[in-house]
Amino acid sequence: MKKLNQFRVAVYSLIAVHLVILLGGFIAPYDYAIQNRKYPFVAPTRIHVIDGLGHFHIRPFIYGLRYRSPEYIEEDEQMYPIRFLIRGSAYKLAGFLPARIHLFGVDEPARIFLLGTDEYGRDQLSRLLPGGQISLLAGLIAAALSIGIGLLFGIVAGYYGRLSDEIVMRLAEVFMVLPWLYLLLAVKGFLPLNVGPAKSFLLVISVIGLVGWARPARLIRGIVLTAKERNYVIAARGFGASDIYILRRHILPQTMAVVLTQATLLVTTYSLSEMTLSFLGLGVSEPVPSWGNMLASLQQYHVLTSYWWMFAPAFPAILVFWGYYTVANTLQEPTP
Amino acid sequence: MTQCRVRHFNRTRFLAIRIAVLLIAVAAVLAIDAHAQAGEELLTTDAEIGRAGGGLVVAQRVEPKTLNPVMALDNPSRDVIWRMMADLVHINRQSQQTEPALAKAWTISPDGRRYTLTLRRGIRFSDGHPFDADDVVFSFQVYMDEKVGSPQRDLLLPGGKPIVVHKIDPHTVEFQLPQPYGPAERLFDSIAILPRHILEKSYQEAAFPEAWQLNSRPEQIVGLGPFRLKEYVPGTRAVLERNPYYWKADRAGKRLPYLERITFLFVGTDDAQVMRFQAGETDIVNRISPENYSVLVKNQNGNYRVSDLGPGLEYNFLFFNLNDLGQKFPQVSAKQAWFRELNFRRAVSSAIDREAIVRLVCRERGTPLWEPVTTGNKLWLNPAVPKPPRDLDHARDLLKSAGFSWTQDGGLLAPGGERVAFSIMVAAGNAPRVSMATIIQEDLRALGMRIDIVPLEFRAMLDRVTQTFEYEAAVMGIASGDVDPTSDVNVWLSTGSTHLWHLHEPRPATAWEAEIDRLMQEQLTSSQFKERKQLFDRVQELIADNLPIICLATPNILVGAKANLGNFRPAILEPYTLWNVEELFWR
């Protein structure tokens, strides 16, 4: 019962996080690349409902900021009420619908930074959401790639056996021992210098996805091996069913449980791989955000000790990983 | 009874005399170490008189590559080596003027070609062996030997010909220069005087470059500096102990240095250096990044003090690949047509927000730069070089006049019709320079240029800049070793080994490079400061006008030390903090 509740919480929070991230452009008040050079490392903006004179306001508001070394102070002469559904920078809703309306914002010249800013004065929230798109999309695409290849090779090896089994499984072993981090370093070394952010993103995912097919392939092969000896499969073959029919009708459905658990596990693993690579400066390049390259600034001592809001991308990442692992765990457990 | 008392009195007096004699003898033995011996010409410093004893712990980012002063090129090596070495004439890092060192006096002939140096008498190497003119002649022979290949050799060949060194008597040496030399006696700074009795053998066996490596026995490494090597643990630490024969004394006549030992710890990163300092494990931190400086200021607890010395001599810049590529890298050479266009470089310079670099990267502790001479170099700065603020309209006009145009969505098109996009290479480990590149990326996006930033490991990047030339643009920095323009002559001469934007030019590629060559050569041989200044002013104007490098900013020199360290007087010339290590003491 407790397990089931946990499973529900995990699924709902996964849906919520993915929805928020999908609608990132709408929820984020600014463009992810805009540098507010007057405001590096600003702490999250304080939202007020009571002004300096003690008056209560129904509409929440913020104050402007002024830098007085070593910190920012609020200028309480001018209030900037938070406005909803405000026109702002252009973005693409869910990745394809061009739009300009943002969920919330404030009038110029004030800026609202709900999660603070980074060293260039870029709004952390406006980077966190598209950054999540990148990191999660990387995990999803790479997992799909791995599972796809794994399924193909697993079925070929398991169903046709003999030489094809021998070749595929030896190849899988080679891929399993490949140190992908170094492989990626080498691939990066061979590429021309000016690889754009989109290309470098695709490169990262394809390397991660292509290298990771071996494990799902071995698991699927095992399932196929037992499935093809089942009586109903032998019977179907006796009735003259084609290989394609048997695979589609009898064998593929058997592999679905493994495919699903593997997919949920791989999405997290691969999202984490992308974050690791970007954290090390090998993944998505500036100014495009990813949770990994946003966390990279924590490698610097002063950021680590002085600006706590720079940890922000870690929290949605933890939530997402916990969610996927819980789902995978529940899927792996035998149903009572 | 009387007799007894007399005897007793005698015994007491005898004892007192014996103790007195003993005390005098002990004092005399101590004095040999602490005070000048007869005939020993010590240099008296005018620093505050301190207390002897104690040690100093300094963290260094990386360990030295060598302990050989003639071969050392990198700062980590030089920082350790120069605590053990001395030169004939020294540039005081604080006053930036020359002062006597191993040479107590010198004269320069009226034609500026003959220098006569009088050496200090009676002084000894750190192993007790006496020092004389033969050591000087030997040292210069080694430095100028082509087979040894010292990186400082070029500086000792004014006009391409070597200096002739004569021993006149054991304490007088004459240097004959092939032509007058502008920086004059600054020439002798940082030329270590080597112990001939130790190194002559390896020099004659042509094994000099391999002498004094990290695995050499400590007692073999002998110098005239304030400290000598005691222990070297590879990758971990170097421990230096006090040189009892050092040739400087304080005003009370007490022999320097005050400290018993210095320990250099090799800690790996700048951050580790700061953390160790903050934790009180190290006593001095030689270079703090502006960000870490604010952390140290914020958490200051009275145990240490940090100082902002103002702009140093480091200049950070963006430059384009203007090398002759021939048939190599057609992708890069296609873009060189833009890079060679002066108005393109001017537009880039005009679009860069230098104030933002100072604010975001240097955290207000820096100065924007339009030329390679910083405001830290008061003597040589040309204040007439224009400092135009960021002006995007001007940049667009410049691009338009060079035939560039824009697409509907604001993308910049080259005269040939292709999209303007290029990459900027930067050292991945250098966070401030990566940030500078990111700011430039955003600034140039406003002009419609698409910039990719390529962080590379430093050596991989250097290899592309100096060997393969496979790059489009790069952000780098150079820290001049001295205020005198001669220290950067290799950057400006078209034949120079650090003429980064276009290496190995058979002859100057442009008229202005030819003019810089001529001006630099002239200032090198002129002995009048006023004339040299005029010549170098023109060089600065030419660089600011033609932009072979687009200067960005100079960070302030930020250092820190324990609060009770006496005589701590950091300076903007390298090695910022330890230059007067012999005078440092614990209060």
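This report covers a helix pair in chain A, a hairpin in chain B and the confidence of the model.

## Basis and confidence

This is a predicted model, in which local features need pLDDT of at least 70, side-chain atom pairs count only at pLDDT 80 or more, and totals for chains, interfaces and linings use all residues. Residues are numbered from 1 along each chain as its sequence is written, chains are lettered from A in the order in which they are written, and side-chain values use heavy atoms, without hydrogens and water.

The predictor gives the complex an ipTM of 0.75 and a pTM of 0.80. Chain B averages a pLDDT of 89, and 94% of its residues score at least 70 (pLDDT is the predictor's confidence in each residue, from 0 to 100). Over residues 1–7 of chain B, pLDDT stays under 50, and the model has zero contacts there beyond four places in sequence (contact means heavy atoms within 4.5 Å). Residues 28–32 of chain B also stay under 50, with two such contacts.

## Helix pair in chain A

The axes of helix α3 (residues 124–160) and helix α7 (residues 214–227) of chain A come within 7 Å and cross at roughly 40°. Axes are lines fitted to C-alpha atoms over the stretch in contact, and angles run from 0 to 180 degrees between N-to-C directions. Helices are DSSP runs of H or I with at least four residues, strands runs of E with at least two.

## Hairpin in chain B

Strands β9 (residues 227–233) and β10 (residues 237–242) of chain B run antiparallel, joined by six bridges (pairing needs at least two DSSP bridges). Phe227(B) has Arg242(B) as its bridge partner. Three residues lie between the strands, and Gly235(B) takes a positive phi near 75°.
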